[in-house]
Amino acid sequence: MENFLGIELPVFMPDATLGTVRSLTTDQIRETKTEMLVVNTFHLFVSHGVEKMRALGGIKNLMNWEGKILSDSGGYQVYSLIHRKKNMGKVTQYGAYFTSPHDGKKYLLTPENSIDMQMALDSDALVVLDDCRSSEISEKEAEESVRMTTIWAKRAKDHYEKHYSNSKKKILAVIHGGNYQKLREKSFRELNSMDFDGYCFGGWPIDEKGRLVKEILTFTCSLMPSDKPKYAMGIGTPEDIKKCLNIGYNVFDCVLPTRNARHGLLYVGKDKIRITKDIYKMDTDPVDSECDCYTCSNYSRAYLHHLFKYKEITGKTLATIHNLRYYSRLMGR
Ligand SMILES: [Zn+2]
């Protein structure tokens with residue numbers, strides 16, 4: 001598999017959760033050699049809903065982004081807002097009931113309205129709703145997540161084929177099963193019988209000690225068809241991405257490069273530097289002399305240090321540009 005939606009693989013997608021990579025314009029995103037973004041279906045479902053987003057012509061139109069967009073399914077919020085916090089909602093076979101963290105209102109996300117929302121966003125690649133859990137769950141819990149994910153995937157695929165089959169979007173499904181190989185295999189087999197355009201490793205990919213769950217990632221990747229994208233969702237640090245590239249994954253997304261940038265953590269070589277440290281106050285070198293990004297081509301560490309010290313927004317912009325270019329370089333761009 002060498003390309004996906006015309007984009008050379010591997011590809012890293014920065015998180016444009018609400019239709020923006022914070023502090024950057026679309027031109028600035030493009031200049032980091034970023035070709036594809038991931039947007040968050042649940043948050044845009046809460047902010048706009050299907051009809052309003054459709055009326056606005058979708059998120060690409062709204063943000064004037066000419067690259068590609070992948071929308072997640074909302075499954076991650078099933079994990080982060082329901083399974084992890086318990087009091088924010090509940091999962092039933094029909095769908096996931098949420099209390100919005102923004103306005104306290106109740107929302108119901110179903111396999112069908114997740115597809116409707118992603119179609120309203122005009123995403124190029126859609127992910128079907130999944131019952132996402134931590135990777136360190138009991139076998140019984142993992143079984144339940146596989147069962148629900150298969151039922152939801154079938155409903156989502158049927159709904160897509162009934163209402164949108166002429167639209168030629170790519171539809172991806174998420175393999176679950178925690179740390180249990182036989183359940184990962186079962187999940188993949190059931191999803192693969194529905195013939196999706198790509199497969200994702202689902203579940204939180206980091207264990208309680210902060211290590212990548214490498215063994216189950218490797219096993220799950222070995223199940224995925226070689227002619228379809230293999231998406232390691234939410235991964236990760238540059239080191240973990242390199243490990244997953246070696247395993248065979250070729251699609252990545254993570255909040256780390258942008259979130260770290262906003263906190264003044266910049267990737268340089270194999271390390272990160274904290275630009276707010278006093279040692280950078282008089283440092284006239286670029287952030288990374290090997291980097292060709294706009295920030296490194298035009299400004300010094302001393303300038304970024306100064307901007308961060310006085311909490312100037314431009315500091316976040318310049319740091320985000322550099323970190324995204326670091327990640328696109330990781331992908332060989
Ligand atoms: Zn740079």
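**View 1. Helix α5 and its cover.** G75, Y76, Q77, V78, Y79, L81, I82 and H83 are the buried residues of helix α5. Buried means that 20 or more other C-beta atoms lie within 10 Å of a residue's own; exposed means 12 or fewer, partly exposed is in between, and C-beta atoms are placed from the backbone. This is a predicted model: local features need pLDDT of at least 70, side-chain atom pairs count only at pLDDT 80 or more, and totals for chains, interfaces and linings use all residues. Residues are numbered from 1 along each chain as its sequence is written. Among the elements covering the buried residues of α5 are α2 (41-47), β6 (89-91), β7 (96-99) and β10. Helices (H or I, at least four residues) and strands (E, at least two) are DSSP runs, numbered from the N terminus.

**View 2. Strand β10 and its partners.** Strand β9 (residues 125-127) runs parallel to β10, joined by 3 bridges. Here V127 stands opposite L172 of β10. Strand β11 (residues 198-201) also pairs with β10 in the parallel sense, over 4 bridges. Strands pair if DSSP finds at least two bridges between them. A173 has Y199 in β11 as its bridge partner. From β10, the chain passes through helix α8 (residues 181-192) to β11, in a right-handed β-α-β crossover. Right-handed means that, with the strands pointing away from the viewer, the path from the first strand over the helix to the second runs clockwise.

**View 3. The largest nonpolar core.** This core has 92 residues; L37, L172, Y199, C200, A232 and F252 touch the most other members. Helix α14 (residues 313-330) gives the most to this core, with 6 residues. Domain 1 (35-254) and domain 2 (262-330) both give residues, so the core lies between them. A nonpolar core is a set of buried Ala, Val, Leu, Ile, Met, Phe, Trp, Tyr and Cys residues joined through C-beta atoms within 7 Å. Domain bounds come from an automatic or database domain assignment.

**View 4. Contacts of F252.** Leaving out residues up to four places away in sequence, F252 touches P10, F12, M13, A232, I235 and I241. Contact means C-beta atoms, placed from the backbone, within 7 Å.

**View 5. Helix α14.** Of the 18 residues of α14, 13 are buried, so the helix is largely enclosed by the rest of the structure. G332 follows α14, with a positive phi near 85°.

Key:
Two residues are in contact if their C-beta atoms, placed from the backbone, lie within 7 Å.
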